[in-house]
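Hi,

Here is the structure I said I'd pass on. Have a look at it first, and my notes follow below.

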Amino acid sequence: MNTIKYYLLYTFVYILSLMPFWLIYAISDLNYIIIYKLVGYRKKIVRKNLKNSFPEKTEAELKEIERKFYHWFCDYILETFKLLTISDKSLLKHLELRGLEKIEECFDKKQDCSTMLGHFCNWEWLSAVGLGFKRHKDLVVGSIYHELKNKAVDRLFLAIRSAKKSVLINKQNIPRYIVKFRREDKRYMLGFISDQSPRWHNIHLWINFLNQQTPVFTAGERLMKKMNNAVFFVKVERPERGKYIASFIPITFKPNELPEFEITRRFFNMLEESIRQQPECYLWTHNRWKRTKEKYDQIMAERKRESDI
């Protein structure tokens, strides 16, 4: 049954991906009316997230960000589908890649790299970053992913994300892939979407992110230090509809010289700066702050009492 669902879904998305951008955006405008005006998809979560993130803004300002967000969100969905069939040349007209020469300099020194990015602008298009390298065209671009619960949708996104030769790596298999790349003497660049929300037992750090105490993943930083990867933040901008600029900005070339969690803190500071510049391009439908520091402290206190018994 999952296989049938996948092929039906894939066929539908494939047909959409063949459409020109002007038609894609016309459909997106229609979707905006349905998703935002009629259905109100996750509108309560969006409003709560915006209000807590920007307490200094007026209701009118928050409403404007909300409206722009849903416009961008509808664009993002259909833009992502385009990855299935869009040519490399056409994609690079819509996606400008800056700062890759610094990564190539790391490769020249036989230092591999990791990139950190958030759910901001069209992060799916960054699976095509390998198209931008001038000299190290044989490098491995690895995209770290978390398996989706819906098997058909998960299989579809694996196809979309690997359409531009990105290697999809389940987070459980990262060490095995790194050993493989090194054995084959291949330079690699791993991409981590680093603003996801960890489960209670995986919380090791809380930071102030967008005016809220936020639990964050730290496993990526530990891996980067272990492999001595140069670490880059991917700053993405959307100057106009259908155009993204991705700049690869160094966080550190010497990860083991930084204090614990400093890489993670720097990443979130840089991501917040990007969000404040274009707040409508962040994924506000995600219930990012569902785990609170107060609840976490209660859980830890209960566990301590149980261990003392």
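One to start with: is Glu272 buried or exposed? Keep in mind that this is a predicted model. Glu272 turns out to be buried, at 15% relative accessible area. Its salt-bridge partner is Arg276, with the closest N and O atoms 3.0 Å apart, and Arg276 is partly exposed at 37% relative accessibility. Both residues sit in helix 10, four residues apart, or about one turn of the helix.

Salt bridges also link up elsewhere: Asp29, Asp75, Arg238 and Arg241 are joined into one network through shared partners. Within that group, Asp75 and Arg241 meet at 2.9 Å, N to O. Asp75 belongs to helix 4 and Arg241 to the loop between strand 8 and strand 9, so this pair ties together parts 166 residues apart in sequence. Asp75 is buried at 3%, while Arg241 is partly exposed at 36%. In total, the structure has 22 salt bridges.

Next, helix 7 (residues 151–161). Asn150 caps its N-terminal end, with a side-chain oxygen 3.1 Å from the backbone nitrogen of Ala152. Ala152 is also one of the buried residues of helix 7, along with others including Leu156, Phe157 and Ile160. The buried residues of helix 7 pack against helix 1, helix 4, strand 3 and strand 4.

Last, the inside space. Strand 8 gives the most to its lining, with four residues. The lining residues split into six nonpolar, two polar and one charged.

Cheers

Conventions:
Residues are numbered from 1 along each chain as its sequence is written. This is a predicted model: local features need pLDDT of at least 70, side-chain atom pairs count only at pLDDT 80 or more; totals for chains, interfaces and linings use all residues. Side-chain values use heavy atoms; hydrogens and water are left out. Helices (H or I, at least four residues) and strands (E, at least two) are DSSP runs, numbered from the N terminus. Ala, Val, Leu, Ile, Met, Phe, Trp, Tyr, Cys and Pro count as nonpolar, Asp, Glu, Lys and Arg as charged, and the others, Gly among them, as polar. Buried means under 20% relative accessible area, exposed over 50%, partly exposed in between (1.4 Å probe, protein chains only). Contact means heavy atoms within 4.5 Å. A polar contact is a pair of N or O atoms within 3.5 Å; within protein, one must be able to donate a hydrogen and the other to accept it, and residues adjacent in sequence count only if both atoms are side-chain atoms. A salt bridge is a side-chain nitrogen of Lys or Arg within 4 Å of a carboxyl oxygen of Asp or Glu.
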